Amino acid sequence: MAEQQQFYLLLGNLMSPDNGIRKQSEETYDGIPGQNKVTFLLQAVRDATGTEEVKQMAAVLLRRLLSSSFEEIYPGLTVEMQTAVKTELLASIQTEASPNIRKKVCDIAAELSRNLVGDDGNNQWPELLKFLFDSVNSQDVSLRESALHIFWNFPGIFGNQQQHYMEVIKRMLVQCMQDQENPQIRTLAARAAASFVLSNEGNTPLLKHFSDLLPGILQLCADTNLNNMQRQLALEVIVTLSETAAAMLRKHTAIVAQSVPQMLAMMVDLEEDEEWAMTDELEEDDFDSNAVAGESALDRIACGLGGKIVLPMIKQHIMTMLQNPDWKYRHAGLMALSAIGEGCHQQMEAILSEIVSFVLLFCSDPHPRVRYAACNAIGQMATDFAPTFQKKFHDKVISALLQTMEDQTNPRVQAHAAAALINFTEDCPKSLLVPYLESLVQHLHVIMVAKLQELIQKGTKLVLEQVVTSIASVADTAEEKFVPYYDLFMPSLKHIVENAVQKELRLLRGKTIECISLIGLAVGKEKFMPDASAVMQLLLKTQTDFNDLEDDDPQISYMISAWARMCKILGKEFQQYLPVVMGPLMKTASIKPEVALLDTQDMENISEDDGWEFVNLGDQQSFGIKTAGLEEKATACQMLVCYAKELKEGFVEYTEQVVKLMVPLLKFYFHDGVRVAAAESMPLLLECARVRGPDYLTQMWHFMCDALIKSIGTEPDSDVLSEIMHAFAKCVELMGDGCLNTEHFEELGGILKGKLEEHFKNQELRQAKRQDEDYDEQVEETLQDEDENDVYILTKVSDILHSVFSAYKEKVLPWFEQLMPLIVQLICPSRPWADRQWGLCIFDDVVEHCSPTSFKYADLFLRPMLQSLVDASPEVRQAGAYGVGVMAQYGGESYRPFCTEAIALLVGAIQAAESRSKENVNATENCISAVGKVMRFRPECANVTEILPHWLAWLPLNEDKEEAAHTFDFLCDLIESNNPIVLGPDNSNLPKIFLIIAEGVANESVKSEDACSKRLANVVRQVQTSGGLWTQCISSLNEAQTKALQSLLSSA
């Protein structure tokens, strides 16, 4: 008893306002063994004589204890004690008079139950389930409340019995949602239903079964007496269903139509704020506010359900809101337009002209927050509809934004207009921006000068921060056209970097550093060079003060990106700065994020805290990560990639520390960009390390090889996966024969086999979805996106096999046999064209790199390859034609009869109608090249005399530069051997040949570094010596072609 009394004192002290007492009490509490804590806390909660505060504290601590230390404590309690805990909790819920404490005890019961559902889904507390059913049917309202509270807190409480109780659960919720006498029961039931639906978001049959509860859940949104969190929960149900069960929800359009006005109503929930337009410090969006929640919900539902459904529902509401005399409605209408642009892209694009004309009117609305929202809508549309938006509306938009930027009395609006201008110029084609350059530059310069004065006099900086970035964005798009304005801006920008050293000006300084480096990159080395040294010294000064910078200093990421741009401008000359730059860069790239596992109650305390993001794990639990520093880390990793790429062997000193950093980051699942940078860095680091000799290179490759192969097997995101596969293929190509050992091959074979099997399985699943009752056009769009993703991974499988074949040649064929049946499956006539294309590409590689042994497998691919030459799909024809070309060049004797057979099919494809149309031209050029290769390497397989004149008439190849080089090589052979068919009687074909050569140079199909460019130049020089013939050849060329010939002669 005395111990219990002491414990009560301790609980009281834990709530003491005195820090010292509280800290000491926490230490004492932490020292009590877990099992004893359970006993003491439970007694405190059950003590009828205890004060409300102490009981509440005990309940919170007991729930936390079960949440954080269940495994350490509960299994160690005796069976009697475990039973007592369960019994006492249920008794407390039934007898506790205080609603607040009762709710807290329900939380404890839910937490204990969550931990008592085993891995097999068995709930080891059946008494609680019985209690739930009894309580829901009880006459006692507080018991009904308790049951719904527990179910809301832990919707997975039925474990593996859920399916069995499905009807009962639904009946229970429906009955409570229809309780006319007790509004709080209706609310709790709707909240529990929302929680249950969200925790089963992947279970489509269940969602369909519960879809008739949605109207009841939606009523929560409309109930303004409820707190924001409860109203937003109901919205979250509709929004989540739009993402996970979109096709089903599209059939319940009435629900969607009811939810859209609720979202808009939330967006009107704004406060009047006299100071708003003058604020110089921007707060982060308050994500708990209804306005932000409504806007986010609208964005997600538009993306989830598509514009076909959402735009017609919302259009009239928005038009009405925009005509409302109350500014809040006009503001919400414009913000809603911004929010739906991405999801309603196609439908809005059709009426973009009327939308833009209407929105621009609000740039001169009497209320500053409406003008702000108009800028927001323009900025968002400039991104969502680029570059169509820029091409159609440049004149109207640029002048409206420049006008709004002159609003000196409302800096917040001014800054947002500048931000919208940044969005506009980022995606604006250079040719469209150049005519406005003079006017843009003058405006930006006037504002910059005025705001610099304001900064000195009043210390305000918000607009200046945005204007500096606008200047950077304009320079970035205008490139060398910005040169005339360089001297107008550079002195002021350097002045800001030198003088804006106070803590509150860090962001301004960072953005100015970014602006200087972007202008430098835009105007080029020659113009920037006189300032380069001074700018570098300024940056170095910041850099040396770098150790004093706080970890969250915004200057860090700007500095890191600026260094990389300086590296691009200065090239090899940048190497001297590496010793100063690399320390901070490595420090930032090495940031480790804070992570935590939290339940809902903890989240309420922490979500206020800056910079946490949460992933909901279901059952009221969330995984939290502190995102501060993550973007900086990703930027830093990207910059390391940039240095390795730009400096090559100049970066060799740092390759070891960078590779040690990057390899573990292939598993950094908190940020996709970090993993992409890690993958990209691998082949580049190997290239840097080459200068150290083969031993060092091999050591480095061994360090990264295992991790790369493993991450191909485990990477969950398809975009990142494709980057990793691409990087691995480049590494193998670089390292060549012998770089993979038996274990590597075994693991790689298993992974590639898995990827191919998954490819076929995904296609089957998509076919099944096409038969589903919920199938509609939007589902088809999603399926096509998935299909494209899958095919992209297939292209990377092909990349890896290509690099392995080119490194190992026929030695690797026995290993490849395990994949052979799957590749053969890809080229079956019934497969989609992309499968056939990539399957053929893989067999092309087998022929090119593994012949003559490849003929052993000819039965598997030769027929499909020849049939592909008449395929309806140009991509398949191209892959087949390339195959015939390598067969002639590398295949060996056994392939002869097939080269003969292919000629007629190739000629047929080249002479077909439309063969030179945009979609067919690449395939046709491959066919022309293949005919050339057969005549060159297997002349016995073709009637050269008959075909050669035709072949000459088909030249030059303009699209496929690689194949063009092959045709020019062969053409040189023919001319140098004085082939009579090619030269024609009395050299009459030479003008035509000159035309082919000139076209090839003009189209960059012939590059000065190619071996054949020297040979072609010699042909031209020989003709130059014979006057009449030369005149004849030159006279048929136009100006561009003549120029091209001159450049060939001067460079080769």
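A salt bridge is a side-chain nitrogen of Lys or Arg within 4 Å of a carboxyl oxygen of Asp or Glu. This definition is needed at several stops of the tour, which leads through a predicted model.

**The whole chain**

Begin with the entire protein chain in view. Its C-alpha atoms fill a box of roughly 120 × 75 × 60 Å, taken along the principal axes. If the display is set to a cartoon, the secondary structure comes to 53 helices and three strands. The chain has 1052 residues, and buried residues make up 56% of them. Among contacts between residues at least 6 apart in sequence, 72% join residues at least 24 apart.

Next, switch to a surface display. The accessible surface of the protein chain comes to about 46,100 Å², and carbon and sulfur atoms account for 51% of that area. Colouring by charge shows 89 positive and 148 negative side chains. The centres of these two sets lie 2 Å apart.

**First stop: E480 and K430**

The structure holds 45 salt bridges. For one of them, select E480 and K430, whose closest N and O atoms are 2.8 Å apart. The pair links distant parts of the chain, 50 residues apart. E480 belongs to the loop between α26 (462-478) and α27 (486-499), whereas K430 belongs to helix α24 (residues 430-433). Both partners are partly exposed: E480 has a relative accessible area of 41%, and K430 has one of 26%.

**Second stop: E653 and R692**

Select E653 and R692 next. They form a salt bridge in which the closest N and O atoms are 3.4 Å apart. Which parts of the chain does this pair tie together? E653 lies in the loop between α33 and α34 (655-665), and R692 lies in the loop between α35 (672-689) and α36 (694-714), so the bridge ties together parts that are 39 residues apart in sequence. E653 counts as exposed because its relative accessibility of 56% is over the 50% cut-off. R692, with a relative accessible area of 38%, is partly exposed.

K660 forms a salt bridge with E656, and the closest N and O atoms are 3.1 Å apart. The two residues are separated by about one helical turn, because they are four residues apart in helix α34. K660 counts as partly exposed at 47% relative accessibility, as does E656 at 39%. Elsewhere, salt bridges that share partners join R936, D969, D973, E976 and R1015 into one network; these residues may be selected together.

Return to the surface display and select K568, K572, K645, K648 and K730. These residues gather in a patch of positive charge on the surface. One of them, K645, is found in helix α33 (residues 630-647). K645 is partly exposed, with a relative accessible area of 49%.

For a patch of negative charge, select D269, E271, E272, D273, E274 and E275, which together form a negative surface patch. Within this group, E271 is found in the loop between α15 (253-267) and α16 (290-305). Is E271 buried or exposed? With a relative accessible area of 67%, E271 is exposed.

Select R766, which has its place in helix α38 (residues 742-771). Is this arginine buried or exposed? R766 is buried, because its relative accessible area of 4% is under the 20% cut-off. Which residues is R766 in contact with, leaving aside neighbours within four places in sequence? They are L783, E786, D787 and D790, and displaying their side chains shows the surroundings of this arginine.

**Last stop: Q43**

Finally, select Q43 in helix α3 (residues 34-46). Q43 is partly exposed, with a relative accessible area of 41%. Not counting residues up to four places away in sequence, Q43 touches Q4 and Y8. Q43 and V85 are 42 residues apart in sequence, and their C-alpha atoms are 9.9 Å apart in space.

Technical notes:
Residues are numbered from 1 along each chain as its sequence is written. This is a predicted model: local features need pLDDT of at least 70, side-chain atom pairs count only at pLDDT 80 or more; totals for chains, interfaces and linings use all residues. Side-chain values use heavy atoms; hydrogens and water are left out. Patches are made of residues with over 30% relative accessible area and no salt bridge: like charges are joined within 9 Å, nonpolar side chains (Val, Leu, Ile, Met, Phe, Trp, Tyr) within 5 Å. Accessible areas come from the Shrake-Rupley method with a 1.4 Å probe; for residues, only the protein chains shown count as cover. Lys and Arg count as positive and Asp and Glu as negative; His and the chain ends are not counted. The place of a charge is taken as NZ of Lys, CZ of Arg, CG of Asp or CD of Glu. Buried means under 20% relative accessible area, exposed over 50%, partly exposed in between (1.4 Å probe, protein chains only). Contact means heavy atoms within 4.5 Å.
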